[in-house]
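Biologist: I'd like to learn how to read a structure like this one. Please take me through it one feature at a time.

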Amino acid sequence: MQVIDDHLLGQLSDKAKKSARLRMNHNFHQSLEDKCHRFLNALEPGTHIPVHHHPTKAETFVILKGSVRVSTYNDAGEIMESCIISQERGTYGVDIPKNVWHGVECIEPSVLLECKEGPFVAHEVDGLLEPKPTRDIYLAGGCFWGTEHFFKQIAGVAITEVGFANGHTERPTYQEVYTDTTGYAETVHVRYYPDVVGLEFLLKMFFKAIDPTSVNKQGHDEGTRYRTGVYYTTPEDLPVIEKVFAEEQRNHQAPIVVEKEPLKAFHPAEEYHQDYLDKNPDGYCHLPLSLFAFAREAQDNRQEASTG
């Protein structure tokens with residue numbers, strides 16, 4: 001599986017014009033020509049394209065709008081590789097070699113172009129979907145493997161991404177952050193639908209997944225990279241953050257030590273860290289499994305409270 005990003009686009013732009021099937025180039029939206037294309041324009045979050053394979057033909061998925069996760073599987077049905085394609089992330093598509101089992105899961109309302117060798121397949125396109133409005137918050141809760149998995153369970157969370165926040169070096173690697181010399185904290189970028197779940201609810205859930213009085217330590221993980229923090233991208237979020245922090249402090253005699261700062265920098269972690277516990281169900285996690293079950297059942301009942 002090869003992810004098509006900006007770097008690869010530059011390498012393939014000339015080659016694409018001569019390809020026997022559609023390959024990526026800077027004008028791929030208009031490069032329909034005479035290949036086989038299928039528009040999948042009614043992909044809502046949670047929609048799956050079942051796991052399948054093409055014994056004799058390779059396949060390319062091109063993202064036109066939204067984001068989807070493409071995974072490859074071995075014969076036992078276990079995930080081998082997984083990646084998110086999203087133009088916002090700079091990943092425009094993914095190549096799947098022939099005879100490789102693969103499936104697609106929709107994360108945001110998406111328009112996907114499926115490209116294969118063969119005759120043109122006509123498919124009516126009613127128009128592109130406009131994604132629902134989303135908002136972002138960045139949360140450092142110790143080891144980001146477990147923190148990400150926790151927030152993925154919450155209804156209304158559209159997408160998560162693990163990375164490193166608010167350090168002082170350029171493009172840090174996991175190995176560099178692990179030394180505690182870069183100033184970065186392991187952090188989860190949470191994008192959510194505000195009409196489904198509110199920031200106040202997400203922050204209250206965040207405090208259920210951390211010890212807010214512990215300095216640079218969560219569970220068995222210790223170091224400045226494991227400090228806790230809430231990093232916001234708009235000052236409009238600050239009153240809600242202040243409110244939740246004040247309420248949480250009343251639950252503790254010791255002062256809470258969770259950072260509360262604007263987001264200064266965020267760098268996504270390497271791909272093998274993304275959705276780590278999905279890829280490695282028995283992998284290390286500092287959070288108890290019961291907390292994930294709790295998150296799956298949790299609901300932001302703001303609308304019920306306002307109408308009840």
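Modeller: Let's begin with a definition: two strands pair if DSSP finds at least two bridges between them. The strands themselves (E, at least two residues) and the helices (H or I, at least four residues) are DSSP runs, numbered from the N terminus. Before we go on, this is a predicted model, in which local features need pLDDT of at least 70, side-chain atom pairs count only at pLDDT 80 or more, and totals for chains, interfaces and linings use all residues. Residues are numbered from 1 along each chain as its sequence is written, and side-chain values use heavy atoms, with hydrogens and water left out.

Biologist: Okay, which residue in β6 stands opposite Tyr73?

Modeller: Ile79 does. Strands of a sheet pair through backbone hydrogen bonds, either parallel or antiparallel. Here β5 and β6 (residues 79-85) run antiparallel and are joined by six bridges. Five residues sit between the two strands of this hairpin, and Gly77 has a positive phi near 85°. β5 also pairs with β8 (residues 101-106), again in the antiparallel sense over six bridges, and there Val68 faces Cys106.

Biologist: Which faces of β5 are covered?

Modeller: In a regular strand the side chains alternate between the two faces of the sheet. "Buried" means under 20% relative accessible area, "exposed" over 50%, and "partly exposed" in between (1.4 Å probe, protein chains only). Both faces of β5 are covered: Val68, Val70 and Thr72 are buried on one side, Arg69, Ser71 and Tyr73 on the other.

Biologist: Now the open sheet: what is the order of its six strands?

Modeller: Reading across, the order is β16-β15-β10-β12-β11-β17, with mixed pairing. β16 (259-262) and β17 are the edge strands, each pairing on one side only. From one strand to the next, the twist averages 35°.

Biologist: How many bridges link β11 to β17?

Modeller: Three, and β11 (residues 157-165) runs antiparallel to β17. Within that pair, Phe164 stands opposite His267, and Gly163 stands opposite Pro268. On β11's other pairing, with β12, there are eight bridges, antiparallel too, and Phe164 has Glu186 as its bridge partner there. Nine of the nine residues of β11 are buried, so β11 is largely enclosed by the rest of the structure.

Biologist: And what packs against that sheet? I'd like to see how helices come in.

Modeller: First, two terms: contact means heavy atoms within 4.5 Å. Axes are lines fitted to C-alpha atoms, for helices over the stretch in contact, and angles run from 0 to 180 degrees between N-to-C directions.

Modeller: Two packed helices are described by the angle between their axes and the distance between the axes. The axes of α2 and α7 (residues 289-297) come within 8 Å and cross at roughly 30°. So α2 is roughly parallel to α7, since angles under 35 degrees count as roughly parallel, over 145 as roughly antiparallel, 65 to 115 as roughly perpendicular and the rest as oblique. Gly146, His149 and Phe150 in α2 meet Leu291, Phe292 and Ala295 in α7. By class, that contact has four nonpolar, two polar and no charged residues; Ala, Val, Leu, Ile, Met, Phe, Trp, Tyr, Cys and Pro count as nonpolar, Asp, Glu, Lys and Arg as charged, and the others, Gly among them, as polar.

Biologist: Why is α2 described as largely enclosed?

Modeller: Because eight of the nine residues of α2 (residues 144-152) are buried. Among them are Phe144, Trp145 and His149.

Biologist: Let's finish with single residues. Is Gln274 buried or exposed?

Modeller: At 5% relative accessibility, Gln274 counts as buried. Gln274 lies in the loop between β17 (266-268) and α6 (276-279). Not counting residues up to four places away in sequence, Gln274 touches Glu148, Glu161, Val162, Pro268, Ala269 and Lys279.

Biologist: Which residues does Lys217 contact?

Modeller: Leaving aside neighbours within four places in sequence, Lys217 is in contact with Glu222 and Tyr226. Lys217 sits in β13 (residues 217-218) and, at 35% relative accessibility, counts as partly exposed. The C-alpha atoms of Lys217 and Cys143 are 74 residues apart along the chain, yet separated by 9.5 Å.
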